[in-house]
Amino acid sequence: MRIAVVKPDHGTVGGFELVVRRVVRHLRSVGHEVRIVTVRADLDPDRALGRPVPDELRRRAPEFVDYLGLVATFRAVDLSGEDLVISTQPGSFAVRHERHLALFYHHYRLFYEFAPLLASAGLVRDPDLHLELASVVRELDDECLAGVGRFCVPSRTVADRLDRYNGIDRVSPFHAGIGLAATAEPAERPGPGEHVLCVSRHEFPKRTELFAAAARGFGELPAVCVGAGSRIDWVRRIDELARSTTDVEPERLWRARNHGDPPLPGRSPAGIVRFVSYATHAELAGLYRRATCVVAPALDEDYGLTVIEAMAHGVPVVVCDDGGSLVELTEDAGAGLVVEPTPEAIAAGVRRLSEDRDLATRCREAAREAGRTFTWSRAFGQLDAAVAAVADA
């Protein structure tokens, strides 16, 4: 078949971009003729919408204006010569085709479940307008998503969102394999490990701030955080203050603006966490294998690749009870602990895994067993089934 994979170009290469590349290679390997259709996310909305956008709206709601332009551009793309279309990130599912499969990880969450959080924290320019425009985006998306024949989703969390927001239940699983090689069986450890690890981008709402604030409660275990992002300076500031600050509400840590001085008192001379902005695959694999546990504090995650990578290395995890698919993965596998989203609860979970050898051993064994199931072979089997279902509809 002739298949078009359509995707916004945000100018970055993250985990999802790597998934799309694997998908394209697989489809070509099984005989499909595949082309990638990208639309730049920074195009001038005036041109896409066919009329000037009021300067006041552009100033007060730039994300809304940009999204309208992206949707309008995808709607105008002519894919009539293709046998099947696979859309990906928000905006791209506006393409029109009678055989349309969506590789769907999330809505434009800025206008969905995160809208009230962003508005209440002042993380959008005009909170009242943002909440009003969220309903406009949802109506627009309803129309676009109605034209999708089937959705490949990575978790029950994402399937539940489609049902809750759009009344859609025509979903199939797509559980991507890990990108980090775990080629050897993790070494059995008689001791508790060398450190506590967090692997995450420093962005809202990954909540690495909670990890930094929790580190003071890890006992003798060092804390290591791997990743980069726009909130890194903020997280470092939280880390500096963690030795002396004990009375900060958790939500003030991760819902605050990431510019200016944080609303926290005092300053201590040095932090607790060792920050690593970039690690090679080999370095990251070593950090996983030597970890007592991996902390994944993100809010309402779509898939939870960090937890899957930890499980592949036989490492227990600590996740928060509002973590979405992170909770699914952890509870389904019995691979770790689910705690409240507070520094104190995270630290208590880490200490429990480091002190209770029997619990840690059970979690390591369960993690390793579950990690073996997340293979690209299984993922491509799920994808091929979904492609066949849409093609035959």
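This is a predicted model: local features need pLDDT of at least 70, side-chain atom pairs count only at pLDDT 80 or more; totals for chains, interfaces and linings use all residues.
Phe64 is buried, at a relative accessibility of 5%.

## Aromatic pairs

The chain holds eleven aromatic pairs. In one of them, the ring centres of Phe64 and Phe111 lie 6.4 Å apart with the planes at 70°; because an angle over 60 degrees counts as edge-to-face, this pair is edge-to-face. Phe64 belongs to helix α4 (residues 62-76), while Phe111 sits in the loop between β4 (100-103) and α5 (115-121), so the pair ties together parts that are 47 residues apart in sequence. Phe111 is buried, with a relative accessible area of 1%.

## The loop between β7 and α8

Where Phe204 meets Pro205, the peptide bond is cis, with omega near 5°. Pro205 has its place in the loop between β7 and α8, and Arg207 is found in that loop as well. Arg207 is not a glycine, yet it has a positive phi of about 60°. A positive phi, of about 45°, is also found at Asp300, again not a glycine. Asp300 lies in the loop between β10 (291-296) and α12 (305-312). The table sets the two residues side by side.

| Residue | Phi | Relative accessibility | Class |
|---|---|---|---|
| Arg207 | about 60° | 1% | buried |
| Asp300 | about 45° | 17% | buried |

Asp300 counts as buried because its 17% is under the cut-off of 20%.

Arg138 is part of helix α6 (residues 127-145). Is this residue buried or partly exposed? At 28% relative accessibility, Arg138 counts as partly exposed. Apart from neighbours within four places in sequence, Arg138 is in contact with Phe111, Tyr112, Glu113 and Tyr165. Between Arg138 and Pro127, the C-alpha to C-alpha distance is 17 Å, and the two residues are eleven apart in sequence.

## The chain as a whole

The secondary structure comprises 16 helices and twelve strands. For 393 residues, a compact globule would have a radius of gyration near 21 Å; the value for the chain is 22 Å, which agrees. Along the principal axes, the C-alpha atoms fill a box of roughly 60 × 50 × 35 Å.

Of the 393 residues, 55% count as buried. The accessible surface of the chain is about 17300 Å², and carbon and sulfur atoms account for 49% of this area. Among contacts between residues at least 6 apart in sequence, 70% join residues at least 24 apart. As for charge, the chain carries 48 positive and 57 negative charges, and their mean positions are 3 Å apart.

Notes: Residues are numbered from 1 along each chain as its sequence is written. Side-chain values use heavy atoms; hydrogens and water are left out. Helices (H or I, at least four residues) and strands (E, at least two) are DSSP runs, numbered from the N terminus. The radius of gyration is taken over C-alpha atoms; the globule rule is 2.2 Å times the number of residues to the power 0.38. Buried means under 20% relative accessible area, exposed over 50%, partly exposed in between (1.4 Å probe, protein chains only). Contact means heavy atoms within 4.5 Å. Accessible areas come from the Shrake-Rupley method with a 1.4 Å probe; for residues, only the protein chains shown count as cover. Lys and Arg count as positive and Asp and Glu as negative; His and the chain ends are not counted. The place of a charge is taken as NZ of Lys, CZ of Arg, CG of Asp or CD of Glu. Rings of Phe, Tyr and Trp (its six-membered ring) pair if their centres lie within 6.5 Å; planes under 30 degrees apart count as stacked, over 60 as edge-to-face and the rest as tilted.
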